[in-house]
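Please walk me through this model in a viewer, one selection at a time.

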Amino acid sequence: MTYTPRSDFLHVMVERGYLADCTDLQGLDEALMAGVVPGYIGFDATASSLHVGSLIQIMMLRWLQRTGGKPIVLMGGGTTKVGDPSFRADERPLLTPAQIDANIAGIREVFSHYVSFGDGASDAIMSNNAEWLDGLNYLEFLRDVGRHFSVNRMLAFESVKSRLDREQSLSFLEFNYMILQAYDFMELHRRHGCLLQMGGSDQWGNIVNGIDLTRRIMDDQVFGLTSPLLTTADGKKMGKSQSGAVWLNADLLSPYEFWQFWRNTADADVGRFLKLYTEVPVDECDRLGALQGAEINEAKARLAHEVTALLHGEDAAKGAAETAKAVFERGGAGDDLPTLTLAPEEAAAGVSIVQVIVRAGLAKSGKEAKRLIAEGGARMGEDAVTDAGRVLTDADLAEPLRLSAGKKRHALVRLGE
């Protein structure tokens, strides 16, 4: 990159590793230097919570506000009804309006931890594209907007091309998604003066479409900026763990489990993740990331604390660390461990250890639980589970029972009232 940004926001984007591409780096830099720049990222409501894979985008909105910009959180109440085909092998299942509204309510909770909402010049706002998409007249939309899109060009975008190259179905419904997203950008520019759309690098084509549409219809210049698509050091997609998605809402993933996910970061990822997911100064991130041997564990604990404190608060982060200490150093149960509560009558009748392992979230299926037992990876307290046919009764659960899958994943099983 030959141009060196002067604005605080782009300086952070470059220095901390958020920047993959920008449509006009110098032009955006000048706009940021000239005044408050509203910028948005869209989040489709396909689940009741976002997961760690979205956290880099959330942090970009946070940094935009911290450096004087105005974050716009766009909830895809309309586009969720269509589904983004980007780099998917299949079509997304369609959700009902009631499901989408419920998902938006769940997602809304997380943003107040990262940005400040209000009516000020740089206060964040949350918008829903259903406000303008639900009432569109199809023929008018085709005439006024659709005519600006070339099918030849759309077919060349990587998000579409990858599906077609694999000879996988791409419905007309999904094909329209990029037009709707482009329209979102123009509409946010019209309503809120939005000058910037950000997203992962897989969204580049959609972002460019929005810039082009805004120029063609409104004759205004807007900008696009993308972040790299992150994988962990071992090549896995960011946001997935051994037990599934790493959700941001505490009702789907406890603060302890969230903390533990970051504590288990690979040595090679620590410095990079500290820059992307925390506000620790860059020099300190570099120092921590360069630690070797047992010292790198201190850096991992710092990473886990900082990320958890941002999302769940300082007390939750400290509580998660105390639980980890109780589990790993003192062999205790730990108050914040994910907990499975069994009904007394269920325990009295007996429940299989395999079923309990699955229900506690330590295995995805009975087959996986049996394999865990066969390989010596399942423990009850300090004792290995050796019999996949074992049945737990209320006698086994007179006190809360700690189940473990390997050395790093734990859950409590207790009797209900």
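Start with cysteine 22. Its sulfur lies 13 Å from the closest cysteine sulfur, that of cysteine 194, which is too far for a bond. The model is a predicted one, and the search for disulfides in it ends at a count of zero. Colour cysteine 22 by accessibility and it falls in the buried class, at 18% relative accessibility. Cysteine 285 is buried as well, with a relative accessible area of 0%.

**Helix 2**

Next select residues 25-34, which form helix 2. Its buried residues are Leu25, Gly27, Leu28, Asp29, Ala31 and Leu32. Show the surroundings of these buried residues: they pack against helix 1, strand 1 (21-22), helix 3, strand 5 (196-200) and strand 6 (223-227).

**Helix 13 and its cover**

Move to helix 13, residues 270-277. How many of the eight residues of helix 13 are buried? Seven are, so the helix is largely enclosed by the rest of the structure. The buried ones are Val270, Gly271, Phe273, Leu274, Lys275, Leu276 and Tyr277. To see what covers them, display helix 1 (8-15), helix 3 (55-66), helix 12, helix 14 and helix 15, which are included in the cover.

Keep helix 13 on screen and pick lysine 275. Which residue does lysine 275 form a salt bridge with? The partner is aspartate 286, and the closest N and O atoms are 2.8 Å apart. Lysine 275 is in helix 13 and aspartate 286 in helix 14 (residues 282-289), so the pair ties together parts that are 11 residues apart in sequence.

**From helix 14 to helix 15**

Stay on helix 14 and select glutamate 284 together with arginine 302. Their side chains meet in a salt bridge of 3.5 Å, N to O. This pair links distant parts of the chain, with arginine 302 in helix 15 and glutamate 284 in helix 14, 18 residues apart. Are these two residues buried or partly exposed? Arginine 302 counts as partly exposed at 28% relative accessibility, and glutamate 284 counts as partly exposed at 22%.

**Helix 12 against helix 15**

Now show helix 12 (residues 255-263) with helix 15 (residues 296-312) and hide the rest. Two packed helices are described by the angle between their axes and the distance between the axes. Here the axes come within 8 Å and cross at roughly 140°. The crossing is right-handed. On the helix 12 side, select Pro255, Phe258, Trp259, Trp262 and Arg263, which make the contact. On the helix 15 side, the contact residues are Asn297, Lys300, Ala301, Leu303, Ala304, His305, Val307, Thr308, Leu311 and His312. Coloured by class, the contact has nine nonpolar, four polar and two charged residues.

Go to helix 11, residues 204-218, and select arginine 215 and aspartate 212. Their closest N and O atoms are 2.4 Å apart, and the two form a salt bridge. Both lie in helix 11, three residues apart, about one turn of the helix. An α-helix has 3.6 residues a turn, so residues three or four places apart point the same way. Arginine 215 is partly exposed, with a relative accessible area of 44%, while aspartate 212 is buried, at 15%. For the structure as a whole, the search finds 14 salt bridges.

**Histidine 148**

Select histidine 148, in the loop between helix 6 (138-144) and helix 7 (151-156). Histidine 148 is buried, with a relative accessible area of 16%. What is histidine 148 in contact with, leaving aside its neighbours within four places in sequence? Show Leu213, Arg216 and Ile217, which are the residues in contact.

**Phenylalanine 172**

End at phenylalanine 172, in helix 9 (residues 172-175). Phenylalanine 172 is exposed, with a relative accessible area of 56%.

Methods. Residues numbered from 1 in each chain as written. Predicted model: local features only at pLDDT ≥ 70, side-chain atom pairs only at ≥ 80, totals over all residues. Heavy atoms only, no water. Axes fitted to C-alpha atoms, helices over the stretch in contact; angles between N-to-C directions. Helix = DSSP H or I, 4+ residues; strand = E, 2+ residues; numbered from the N terminus. Left-handed = near helix turned anticlockwise from the far one by under 90°. Contact = heavy atoms within 4.5 Å. Nonpolar A, V, L, I, M, F, W, Y, C, P; charged D, E, K, R; others polar. Salt bridge = Lys/Arg side-chain N within 4 Å of Asp/Glu carboxyl O. Buried < 20%, exposed > 50% of the residue type's maximum accessible area, 1.4 Å probe, protein only. Disulfide = S-S within 2.5 Å.
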